[in-house]
Structure formats: C-alpha cells, structure tokens
Amino acid sequence: MKSWVHYVGDPLPADLEKSPRDLLGGKATSLQDLREAGLPVPPAFVISVDACEFFLEHEESWPPELEAQVKSHLARLETEAGRQFGQGSDPLLVSVRSGAAVSMPGMMDTLLNVGLHHRWVESNGGTNDWSVFLQFIRNYAQIVFGMNIRKPDSALEDLPQDLDRSHVESALQQFEEEAGSAFPQSPWEILECSINAVFRSWNSDRAIQYRRRHRIQGLKGTAVTIQAMFPSRASGIVFTQDPTDPNADRMVIEASYGLGEAVVSGGTDPDRFVVQREDLGIVKTTPGRKTHVILALREEAHFDADQLCLSEEELQQLCELSLKVEKHFGLPMDIEFGFTGSELSLLQARPIRGLDVARDSEIGREEEIQRLKNLSIARPKVWVAHNIGETLRFPTPLTWDFIKFFMSGAGGFGKLYRDLGYVPSREVMADGFLELIGGRIYADPDRLAGLFWDDLPMVYDRDQIRSDPKLLDQGPQKFDPDRVDASFLFKVPQAIRSVLKCSRATRRGLKTCHDFFEAECLPPFLEYIRIKRGQDLKSMSTEEVLAELQERKQRVLGEFAAESLKPGFFGGLALGQLTQRLGQLDVNDEGQAMAFELTLCADHDITLEQDALLSRVAVGEANMDEFLERFGHRCVGEMELMEPRWREDPDYLERLTVSMRGNGFDTTEIHRRNSERREHALQGLPEKLAGWGGSSFLEEAVDCAETARRLLPYRESGKYYLMMGYELIRTTIQELSRRWSIGSNVFFLKLNELEQFEGTPDELLDAVEHRKLRWQSLQRLDMAAVIDSSDLENLGRSRAHSSADTNRLEAAPVSPGVAEGTAEIVFDPREFDARKTGYILVCPSTDPAWTPLFVNARGLIVERGGILSHGAIVARDFGIPAVVCANATQRIVSGSHVRIDGTHGWVDLMEGN
C-alpha cells in the first residue's frame, strides 16, 4: 500500500525515488531536519505532494488510503502532544500549511487553530476564547469558502480586544446564510476541509501567477503539513544574518504578540531587534505599532502594545538557539519561533531568501569596476546608457548574444548604416559598440564613432558627452589628430565619396523607403514566417536545429531587421528636421509641440490596432484566438527571449480583458480626435510661421510633417514584424531546452555554448547557476545613465537625488500638456490593476504591452527615452502629457500627488512625497 503521509522526524523511506523536498515540500523537509537535530519543534506530520497531485487529477477526491493514514498519524500526534484533537479542557489544535518543493511565500493558504469548534467553546471556553474562535471562523470562511465575515464593531485586529459570545453568534449566522449550511461542528470535518483548501490553493490565481512570473516549472502540487499548534504569547522571525546587509555580522529579529502569522503575513508592525552576532549585544531596538494579533487558545487577549514583546533574557535565549540552527544547516537562516511562558519553540527554518544575491551584488560590483578599469587603461572613457535598454533592461546571456549581433556592424542595425553609405570599422563589424555593464546596456562612444566613417578620424568629445549624453544621437563631430597617420590623405577622397553617398541615400530613402518596404521586403518575409512556423523542429537532429537557429538569426536580425528599421529611421529624420526648423523660428518653446500636432493621426498605427482588437475581445465582439493569430508573437518585455510569448501564455491578456471592460477605450474616437488636432494645427501653421517670420518655410514644414506622419508608425510596425522573426528564434531555443530538459536555464547559456552543451552539460550548468545568481545580483545596483572611468569606485552605489527645488524634478518634455494626479509606480504591467483611473503612470519605460495602462492615465513619467520612444508616441496619440525623468521610480512615492508639464519639462511633487 502506498504511503501518502509521513510523520515528521521518522526516518525517510530507504527507497525514496525523489528528493525529500520534492515529496514532502520545503516546509516539512526543514522540520524533519530540525527534529532529527533534536531542536525544539512541535510535532507534525505531512501529506505528500503525490496526494495533492492525485486530488487535483481526480476531481478533488482523496486517494483511497489517505483518510485512514491521516487519522492514524493524527492519533500519533495526539499521543505525542498528550491532548485530544478538538476535545477536552486543553484540546489539541493544529495548523494546516502548504509547502511546495520551491518556496512560494504567501502564494498558498494556511489555516491556524484547526480543530476549534462551537460546541467546545460553549462547553470549555473561557472569556478570551471567543476572540480566538471568531478569528478562526473568519479565517476558515475566507480560505475554505471565499466568504468575508463582517468584523465586529470593535475591530478584531485592534488591541485591546473585548469580544464575547454575541460576536461569534453573529458571525456563525452570517456564515450559515452565505454557505447554505451551518458552520461545521466536527473537528475532523474542519480538518478535512482545511486540507482540501490548501490542496486547491496550488491552483489559485496568485499561485499560478507566481509560478509563471518566476518560471517555476515541473512541480506537481503542494504538500500539506499538519502541526500541533504552539500557543505563542509572542512570536516572530529571526534572520541569523541581516538580509539587507550580509556583511554587517548582525542578526535581525522581528516579533509581536500572539501567533507568528501576523508577522509573517505583514499584518502588523512588529518590534525590531538588531543583535551583534559575535557577543549577542543588542545594537538597536525599535518598538513596533502592534495593532494586530492572532491569538492562541487560552491566551490573554489584552496586551500592552507600547511595551516590547520580548525581554532581554528571551532575546538572548532566542539568539543562542538560532545560531545553533544556522550551524546545523551551514547557512544563514530565516527562522520562525514562538514563546509561551518560558518555553521557546521553532516553527520553521529555511535559508534566507535572496541573501546569496545580496552577497554577490557587491562581488559583482567590484568585478565590474576592475573590468572597466582594464578597458580604460589606454585612455579615459565614458559609457552612456543606450536606448535599447528602455525595453530590454536586464538581458539574459543568450539574449545578449543575439542583441549584440543585431546591433553590430554585421547585424541589422549596422546594415542599415552600411546601406546608407557609412563604413563601420572592423571592431564595430565584429563586436558592435554596446557594452553590458552592471547587467544594463551601455554605448561606448569610442566604438560608436566607428559606426560611421572608419577612414575619418572623427570621435565624440568625452567632456561634452558627460554633460549632454544626447549628443550620441548624432554622428561624431570632433576631429582627432592623434588618429591621423601617413595614409590619411589617401583615405580622404574615399571618405568624401562615402559622405556624398550617404547624403544621396538619405534623400532617396525619405521618398522611397515606405513603398520599398511594403512591396519588396515585407511580402517575402511574411512568407518566410509562414514556412518556418510550419517547420517540425522535433524531427531534426540537434546539429540541424543549431544550424536552423543560426540561419534564423541571420535572416531575422540581420537581413530583415535592417529593412524593418529604415522607414522608422527616416520618419525620425523627418520629424527631427521639422522640430529643428520650427524650434529655430519659435522663441517660446511652441515649436516642438507644434511638430507633434502636425504629425498626429498616422494611418495603420499597429499599437492602437492591437489594443482596439483586445478591447473588442473584452466586450465579446472578437475572440482571443483571433487576437493571438495576429498578435500572439508579442508579450511584455518582448526583447527578452526568455519571456513567453502571448501565444504560449495568454493569461495576462485574459486578465487584462476583464479589467478593460467598460474602460472606454475607443481607437475610432482617438483617431478622430487626433485628426481634428492635426487639421487644426495644419490650418494654423501659416499664421504661426508668419508670426515667427518664417512664412517661406511653409512648404518645407508641410512636406516634413507629411513624411514624418507616414513613416513614424513604422517605429512600432517594423518592430511588430521583427518580433515575428524573434518568436521563431525563441521557438528554436525552446526546442533545444526541451530535448536537454533544462527549462529556462537555456537562456543563461551563451550562443557559442549551445554547440558544446551535449558534450559538457554538467560543466555548463554549473556556469549557468553562477550566471543566474550574477544576473539577479547586478539588478540591485543603482546604475547611473553615464559612467565615467574617473569615478568607478562609486559604480552601482545608491545615489542621492537632489534638485535646486526639492519639490520640482527636472525632466525632458516628450508629449505636451499639463496634468496632475496620483502617482502609480509600475515596473511590470502584469502586476497593475488596469481598472484604476486618474493616475500619473510612473515606470522605467514602456512597450506595446503597456498601452492599456494609458487609457485611464492622466499623464506619463518614464525614466528613459526620447520623443520617439514608444511611451512618448503613444502618449501623444492619447493626448496625455509625458516627460522623461531620471530615476523617477525612486524619487517619486507611489500614491503621492504629482503634477507634470510635458511642454516645458518638469515634475512637481505635491503632498505625500
């Protein structure tokens, strides 16, 4: 007979086929270790992950043997605890907790004081036990039945508490009315329903989203740990190393009254103690606002919230025991504990989450400093954050290899410049001009200068770049005599011919690129996409799949990428010419706003078409399959190859359509409004130019505006088509991952390692683990937009952000207008409630997946980008102001009131900042 239950502390089965964590979950495995080490842990048993898998696959029924096994182990728990489950003057109550093989904090359900029931409280309960029972009713009703039982007039979570039978009777009556049956009277029925609820929580929305977001794959369910309740008077968490500063050599304890769930769930502001590890001396004590308590049975309900919940003696005892736990596991630990009277018990222990990342962050920072010093030995250098980082903030190693090729002289970006007549250097052809620093993408101005004319000694002025990084948007302007050699005079004629060729190609491209792309480039590429989507990669050998990957890289990120960039590139030139001309004529800063108005109402705006179709899906006028057929190759953060495409995982879209219902999104209205704005600007242009003394430039301005209006949409539609090919690259990588069974680890390999993997998998997977850690740890660094080799010691350290007027932040205007509202700091649109209204959206950058968040926004603040960034273009379409403000997500408080001016460029911090 299969064993579905394990008593914690018993020897594990000798024939265990999987790791204890995979069978018993992380929580029970930790308790097993603590019990085996003889440390004080309340007795417990665990229902295996296999039982959860059976439950979910068999219409929520238990395996035939499970009930008998649970009852048998419950009887053993009664014997060890010396109390009966839910019976007697001092009943045994249990906690019922989830526990997967991979930690998923707060994503699944926990029930405390299970076994408590109405008959016991009526017969045996004391005055304070009514409070405990009411808490249990509310918790049980919420988790098992999804009900919200009303709080009594004097809120249950406020101290002190004074609740009685009448409060409980009211709650039981509400439960019966909503559930259609009375609250269970049998301790066993309550336990059984609690176990089922924990099983079900494996498939709760929050648990599914957490696994998707953290790419947790291959798990079959959760174990359920049933542990004797420890009636804590005070409880909390010990970190045997400070998780915020792992080099400080100190412990951190957070504690509050009652059971530890209030601290673990963040439901209270606990007392905080900082203790030196070496001598256990108290470094700092910070009293909390202990306004929430989860009571243990028979525990005094009245606590002094102004007093510390732990004495110095208890703190000493706790720290000594915690260091023993750390020594036993050999790792800094996060430990849950409880005190009742003088007795101390351990309720859980696990390695501190993220401590390895925090430690590696400083190591990675130091290594980056040394690497940059080596790169700047010959001469001082600066590096400037590149705009591709707007949509690819932290590329994984494999993604970075593809992006390096794409942005090199040999890739699509370089081919665009070569087709225009530029002559990139050998270095740029081979390696490009980008550098990955602190996990972010930077441009090296010295190498970027080599993108243009290799034969001319033209460079960027480093001093000017330090003060104005936007100079990198232009070609190099400084002549460097140190690069002149004996062959220079022979190179000049060729260089002049290149310059003239570039000028002619630019003029020709402004007129012909639209028709050439639509007629000559796009149709064969779409046919290529159709053929490749139908290809059976599984039938190929690994060698053939690798060859296919290289072919797709060249076809998509080399040949087609160059053509997809050209219309948007020329559209940007046309807008730049228009903005420059109007800016020269106007002295009141109206020129840029006028240029924006004149280029509105572009046809075939793919972003608006995407969101219009999704809105139709939301109201039932179209179906999701129709949307995925057209846009399924896209996703949030689509430049990262590791991100699943919408076609693979439409969950975000499905949740988004729910929030979009009734939000008023109407592309027809947006197009009509923008058409009116453009027509009004066009009609008023002659008068404006006359007032500025520039009537002779009317024809030029209208021509530039029309060219920009026709071509600018290709900045998004070109990417739309390019991402079709990007999806082909991802599917090829996924096939390699499938046959090697390495999941998302494949994206932490390098491109040249894919050919080596089958020969040295263990060695490469070891390297992958280090890269994953470093990838996470570098994201903690606070990287500046400009890095100077003369100030590398401060690389990645937190920076103070100041301004002459601390209530006003400098910003770059990218969409005109003024707006104010509540700041909503958003890093991932999948985590935002799109039903909110009247907010100022504050985020690092945006891509097409963010557009639904613009519908109810009053304004936009991004940290990176320019007037042709996705966020700026969409903001102008929606008619909302937008600015670029460095480090806005750190300098603005979420929920505070802000005012932005997208015409002149500033952010006013109102109350709450």
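Guide: Helices (H or I, at least four residues) and strands (E, at least two) are DSSP runs, numbered from the N terminus. Two strands pair if DSSP finds at least two bridges between them. The model is predicted, so local features need pLDDT of at least 70, side-chain atom pairs count only at 80 or more, and totals for chains, interfaces and linings use all residues. Residues are numbered from 1 along each chain as its sequence is written, and side-chain values use heavy atoms, without hydrogens or water.

Now the hairpin. β8 and β9 form it, with five residues between them. In the turn, Leu280 has a positive phi of about 60°. β8 covers residues 271-276 and β9 covers 282-286. They pair in the antiparallel sense, over four bridges.

Next, what is buried (under 20% relative accessible area, 1.4 Å probe, protein chains only)? Helix α13, residues 412-419, has Gly412, Phe413, Gly414, Leu416 and Tyr417 buried. Their cover includes α12 (397-407) and α18 (542-585). Just after α13, Gly421 takes a positive phi of about 110°.

A nonpolar core is a set of buried Ala, Val, Leu, Ile, Met, Phe, Trp, Tyr and Cys residues joined through side-chain atoms within 4.5 Å. The largest has 113 residues. Phe402, Ile403, Leu557, Phe627, Ile733 and Leu754 touch the most other members. α18 gives the most to this core, with 13 residues. Another core, of 62 residues, lies apart from it and includes Val5 and Phe54.

Notes. Buried < 20%, exposed > 50% of the residue type's maximum accessible area, 1.4 Å probe, protein only. Contact = heavy atoms within 4.5 Å.
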